[in-house]
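Open the model in your viewer and keep the selection panel at hand.

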Amino acid sequence: MSTSKVMSTEILEIQPQELKFTFEVKKQSSCSIRLGNNSDQYVAFKVKTTSPKKYCVRPNTGIIKPKMTCDFTVTMQAQRAAPPDMQCKDKFLIQSTFIPFGSTEEDITSDMFAKDSGKYIVEKKLRVILTVPPPSPILLPINGVLKQDPSCEASMQKEIVRSGVENIPPPQRVNEDVKGIEIAEEMDELRAVDFVDSKPADNVEELKVVKKDVELNLAKDFEDLKLKLNVTDSTLREAEFKIMKLTEERRMTNLEKDRLKHELEMLRKNSVKRAQVGFPLLYVCMVALVSVALGYLMHL
């Protein structure tokens, strides 16, 4: 059964080898890392960190084509206080692996970087270093021109004289045994750290603008919906009034219909009674003619 292996050779060239942030209380700080693919294959990468809520990475996954580079930006969220001695224990892990030619970012899954995926995976761990921003010189207007405060400049010169060192670079040579011990301790510390998937960075200002636009759109939609509800309610009231009016007209029509039926029945009954009481006109005429004819014959 095949298992994943961590290759000894580097798939990606990573510059720089550490994440250096200029730390200021209640201010964000960002730094960039460049990944270079010197191979002839497609490479997928993924960035993890031990403090996913503290940092935002953009992008946290991606694909680098052969002989190409890719930059990702790490943003440290604003912190309320500085860590003791400006020492940060946060770590970052960059995982990389070869993928089929022509793959896209949609093809990247978490299983690609799993230890039981059977793929060759290279892991590179980066430390976080915090630096203090350089002090800004105090500028005073002298003859209409901003110049550095003489007292500040004098204090800096005194500090240089007191230390007895001026613009002397730090020593470059380090004892090899001590350096090896420090590297070994650092690697042991990194192995003991649990890395968590980093989250994509979000521009705070863009989020504020988007939030404001969403709130305005929601308010507008709410007003439109409220207006439509009022129109619908008015239409329903008019419909109910018309229904009541039509119902009343129907009731009156039924009453008028019943009254007309009653009157028609009364007329029919009256006509029948009249026919039963009197003699038909034709019968009376016939009797008169017969009587005249008999009288004429009797006189002859």
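The protein chain has an accessible surface of about 23,400 Å², and 58% of that surface belongs to carbon and sulfur atoms. Accessible areas come from the Shrake-Rupley method with a 1.4 Å probe, and for residues only the protein chains shown count as cover. This is a predicted model, in which local features need pLDDT of at least 70 and side-chain atom pairs count only at pLDDT 80 or more, while totals for chains, interfaces and linings use all residues. Residues are numbered from 1 along each chain as its sequence is written, and side-chain values use heavy atoms, with hydrogens and water left out.

Colour by secondary structure. The protein chain contains four helices and 14 strands (DSSP runs numbered from the N terminus: helices are H or I with at least four residues, strands E with at least two). Of the 300 residues, 20% are buried (buried is under 20% relative accessible area, exposed over 50%, partly exposed in between, with a 1.4 Å probe and protein chains only). Among contacts between residues at least 6 apart in sequence, 74% join residues at least 24 apart (a contact is heavy atoms within 4.5 Å).

Select residues 42-49, strand β5. Eight of its eight residues are buried. Tyr42, Ala44, Lys46 and Lys48 point one way, and Val43, Phe45, Val47 and Thr49 point the other way. In a regular strand the side chains alternate between the two faces of the sheet.

β5 and β9 run antiparallel and are joined by eight bridges, with Ala44 opposite Thr97 in β9. Strand β7 (residues 61-64) is also antiparallel to β5, through four bridges, and here Val43 stands opposite Ile64.

Stay on β9 (residues 91-99) and pick Ser96. Is Ser96 buried or exposed? Ser96 counts as buried because its relative accessibility is 3%. Beyond its neighbours within four places in sequence, its contacts include Val43, Ala44 and Phe45, as well as Phe113 and Tyr120.

A polar atom of the Lys91 side chain lies 2.9 Å from the backbone oxygen of Lys89.

Finish at helix α4 (residues 281-299), which holds Leu294. With a relative accessible area of 48%, Leu294 is partly exposed.

Technical notes. Polar contact = N/O pair within 3.5 Å; in protein donor to acceptor, adjacent residues only side chain to side chain. Pairing = 2+ DSSP bridges.
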